[in-house]
Amino acid sequence: MEQEHNSDLETAQDPIDWRSLQNHECVEQIDLLIRTVHLVRAALNNSFAQLEINEVRYASLKVIDAVSQVGCSQSELARKLGQSESNICTLIERMESDKLVIRQQSKKDRRKRVLHLTEEGESILAQVKAYHGTVSQRLLSALNSDQRRQLTGILQALLKSAHIQRSHRETAKTILDVSGPYPFQGSPAA
């Protein structure tokens, strides 16, 4: 029993060989998820393009709208979208020049500036939500209500796992643990 326990520990500490994992079921599942996401994004972006908006702008409008009573700071928007503050700053400057958002002094803290939707931003968001609903309904029409509930649960669990991985930086740690001066040498091209 003691010897069996030790061999399990040795196996767990061995470096992972990507070649042994490339046909593993979990790799196939993630590949399938990536392909699905790519097709869903393409379908949504085609609809959004009619309104001259992309998914990042849509997500930004949704976040800003959700906290419309108090406004949304750029740092809060960056955190909620998983973007850097410099990327958000550029995005907001463009959205402001397109008259979708406006920066105003916070009513709660006069030192802060917060984002609010303009009338144009509210109108675009309403139209995009309608397109999004139509496309989403078409995409999910192959699933019955039980399958949709299961899908929601699975996606929520996967999202939670991805957030945990990201917060612990385990994905980057795994890649950097490869021995040798060129950690990506011999790995498959993305």
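This tour moves through the structure stop by stop, naming what to select and what is found there.

**Before starting**

The model is predicted: local features need pLDDT of at least 70, side-chain atom pairs count only at pLDDT 80 or more, and totals for chains, interfaces and linings use all residues. Residues are numbered from 1 along each chain as its sequence is written, and side-chain values use heavy atoms, with hydrogens and water left out.

**Stop 1: the whole chain**

Display the chain as a cartoon. It has 9 helices and 2 strands; helices (H or I, at least four residues) and strands (E, at least two) are DSSP runs, numbered from the N terminus. Read from that terminus, the order of elements is α-α-α-α-α-α-β-β-α-α-α.

Of the 190 residues, 18% count as buried. Buried means under 20% relative accessible area, exposed means over 50%, and partly exposed lies in between (1.4 Å probe, protein chains only).

Among contacts with a separation of 6 or more, 49% are between residues 24 or more positions apart; a contact means heavy atoms within 4.5 Å.

**Stop 2: the nonpolar core**

Select Leu61, Ile64, Leu77 and Ile92. These residues have the most contacts inside the largest nonpolar core, which has 24 residues. A nonpolar core is a set of buried Ala, Val, Leu, Ile, Met, Phe, Trp, Tyr and Cys residues joined through side-chain atoms within 4.5 Å. At least two core residues come from each of H3, H4, helix H5 (74-81), helix H6 (85-97), strand E2 (113-117) and H7. In soluble globular proteins, nonpolar side chains tend to be buried together.

Centre the view on leucine 77. Apart from neighbours within four places in sequence, leucine 77 is in contact with Ser60, Val63, Ile64, Cys72, Ile88, Ile92 and Leu115.

Now move to serine 60, in helix H4 (residues 55-66). Is serine 60 buried or exposed? Serine 60 counts as buried because its relative accessibility is 0%. With neighbours within four places again set aside, the residues in contact with serine 60 are Leu77, Leu81, Leu91 and Met95.

**Stop 3: salt bridges**

The structure holds 6 salt bridges, each a side-chain nitrogen of Lys or Arg within 4 Å of a carboxyl oxygen of Asp or Glu.

Select aspartate 98 and arginine 57, whose side chains meet in a salt bridge (2.7 Å, N to O). This pair links distant parts of the chain, 41 residues apart: aspartate 98 is in the loop between H6 and strand E1 (101-105), and arginine 57 is in helix H4. Aspartate 98 is partly exposed at 40% relative accessible area, whereas arginine 57 is buried at 12%.

Glutamate 96 forms a salt bridge with arginine 103, with the closest N and O atoms 3.0 Å apart. Glutamate 96 is partly exposed, at 28%.

Aspartate 146 is partly exposed at 45%, while arginine 149 is exposed at 55%.

**Stop 4: a nonpolar surface patch**

Select Ile30, Ile34, Leu139, Leu140, Leu151, Leu155 and Leu158, which make a nonpolar surface patch of about 530 Å². Patches are made of residues with over 30% relative accessible area and no salt bridge, with like charges joined within 9 Å and nonpolar side chains (Val, Leu, Ile, Met, Phe, Trp, Tyr) within 5 Å. Two or more patch residues come from each of helix H3 (25-49), helix H7 (119-140) and helix H8 (145-168). H8 gives the most, with 3 residues.

Leucine 139 counts as partly exposed, at 40% relative accessibility.

**Stop 5: two loop residues**

Finally, select glutamate 52, in the loop between H3 and H4. Its phi is near 55°, a positive value in a residue other than glycine. Glutamate 52 counts as exposed, at 72% relative accessibility.

Lysine 99, in the loop between H6 and E1, has a positive phi of about 60° although it is not a glycine. Lysine 99 counts as exposed, at 58% relative accessibility.

Note on methods: Accessible areas come from the Shrake-Rupley method with a 1.4 Å probe; for residues, only the protein chains shown count as cover.
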